[in-house]
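Trainee: Could you walk me through this model? I would like to begin with how its parts pack together.

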Amino acid sequence: MQFERIKNVIDIPTIQSKVVTIIGAGGSAPLIENLTRCGVQHWKLVDLDIIENANISRQGHSPADIGMPKVHAVANKIWEINPEAVVDCFPEDFTKLSDEEIRESFGSSDLFIFATDSFAAQSRGNEVALLLNASAIWIGLYPGGAGGEVVFWHPDLECCFRCLCSGRYQAQQQAAQQGRSLDPPSDGATIFDIQLLDSIAGHICLGLLTRGCENRFGQLIDQLGDRQFIQVGIRPDFRINGKDVIRKHLGVDAECPSLFAWNSIALSDPDEGNAYCPDCETYRGITFSRSAEGSSGSIRVRTEQGHQKKSTTVN
């Protein structure tokens, strides 16, 4: 492949050396193709589904692919772009794999991409990222394609996906107890909504894969700092719990006529990771306790090889 026109913003040798695992090979097919065009050439594709007629209008698959496992169809698309790419296909349920199986099949991964609306897969993905100490990104559309989110983590960040989305875990647990699912339906989300969100996610992927390189994408993640939670408004009337969060966080006056749609915000965790997180406790050796002052805050302590590494108090 010829990378002459993008090598000034993407460190090609670095990205070619990386292994990317993606869970979900449906709507993410164009994202996978485009990352391949940017130099990713080591892929592990995980998806249990078979391509159906209903997928053609919104997932970037072709009618000729109907009846084929999604991972195999996407692998063919990768090889059409780069015949030398290394692609491993896993047409299975990611959530059913044990820690030992994860280590054996995906232990070499530099980046995990969770391109699925399944909360079970997203939450298991957080455990896997922490288990392997590997960077990860979660991509999700909101109901009806009104908006979406891109969440990422790398080992230098204090907050994991569960730290950032603790309220979601509680809501999912309550719904499961009532026999309900909170996973958003795909109805109303067009391929344009999916690809708008995936374009932003693609920037983050390139940033994570080439972090530290002296170019635009290599500096992106450190420029974001601890702003790991990106929300994207797609519809002009996008709201979260009735609130215009985009306008609020950007500080845009309600009467400003210029703000319309397709805007994004990048947020950090207000608790700075100090709210109790079972995943951080289990997979990162972090313990949580009440603050010495007896306030409502907590102390987050990471122990590494018997030594305290970090302690933070929130009041």
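Mentor: Helix H8 (residues 191–209) and helix H9 (residues 216–224) pack at an angle of about 95°, and their axes are 7 Å apart; axes here are lines fitted to C-alpha atoms, for helices over the stretch in contact, with angles running from 0 to 180 degrees between N-to-C directions. H8 is therefore roughly perpendicular to H9, a label used for 65 to 115 degrees, whereas under 35 is roughly parallel, over 145 roughly antiparallel and the rest oblique. Please keep in mind that this is a predicted model, in which local features need pLDDT of at least 70 and side-chain atom pairs count only at pLDDT 80 or more, while totals for chains, interfaces and linings use all residues. Residues are numbered from 1 along each chain as its sequence is written, and side-chain values use heavy atoms, with hydrogens and water left out.

Trainee: Which residues in H8 and H9 meet?

Mentor: From H8 come His 203, Ile 204, Leu 206, Gly 207 and Leu 208, and they meet Arg 216, Phe 217, Leu 220, Ile 221 and Leu 224 of H9, where contact means heavy atoms within 4.5 Å. The residues of this contact divide into seven nonpolar, two polar and one charged; Ala, Val, Leu, Ile, Met, Phe, Trp, Tyr, Cys and Pro count as nonpolar, Asp, Glu, Lys and Arg as charged, and the others, Gly among them, as polar.

Trainee: And how are helices and strands picked out?

Mentor: They are DSSP runs numbered from the N terminus, with helices (H or I) of at least four residues and strands (E) of at least two.

Trainee: How many residues are in the largest nonpolar core?

Mentor: That core has 84 residues, and those with the most contacts inside it are Trp 43, Leu 45, Phe 94, Ile 113, Ile 137 and Ile 204. A nonpolar core is a set of buried Ala, Val, Leu, Ile, Met, Phe, Trp, Tyr and Cys residues joined through side-chain atoms within 4.5 Å; buried means under 20% relative accessible area, exposed over 50% and partly exposed in between, with a 1.4 Å probe and protein chains only. Helix H8 gives the most to this core, with eight residues.

Trainee: What does Leu 45 touch?

Mentor: Not counting residues up to four places away in sequence, Leu 45 touches a list that includes Ile 22, Ile 32, Val 71, Val 74 and Phe 90.

Trainee: Changing topic, is Leu 259 buried or exposed?

Mentor: Leu 259 counts as buried because its relative accessibility is 17%, although its place is in the loop between H10 and S8. Leaving aside neighbours within four places in sequence, Leu 259 is in contact with Arg 247, Leu 250 and Val 252.

Trainee: What about Trp 262?

Mentor: Trp 262 is also found in the loop between H10 and S8, but at 57% relative accessibility Trp 262 counts as exposed. Trp 262 has a positive phi of about 60° although it is not a glycine.

Trainee: Where does Asp 279 lie?

Mentor: Asp 279 lies in helix H11 (residues 278–284), and Asp 279 is buried, with a relative accessible area of 3%. Beyond neighbours within four places in sequence, the contacts of Asp 279 include Ser 123, Asn 126, Arg 162 and Tyr 169.
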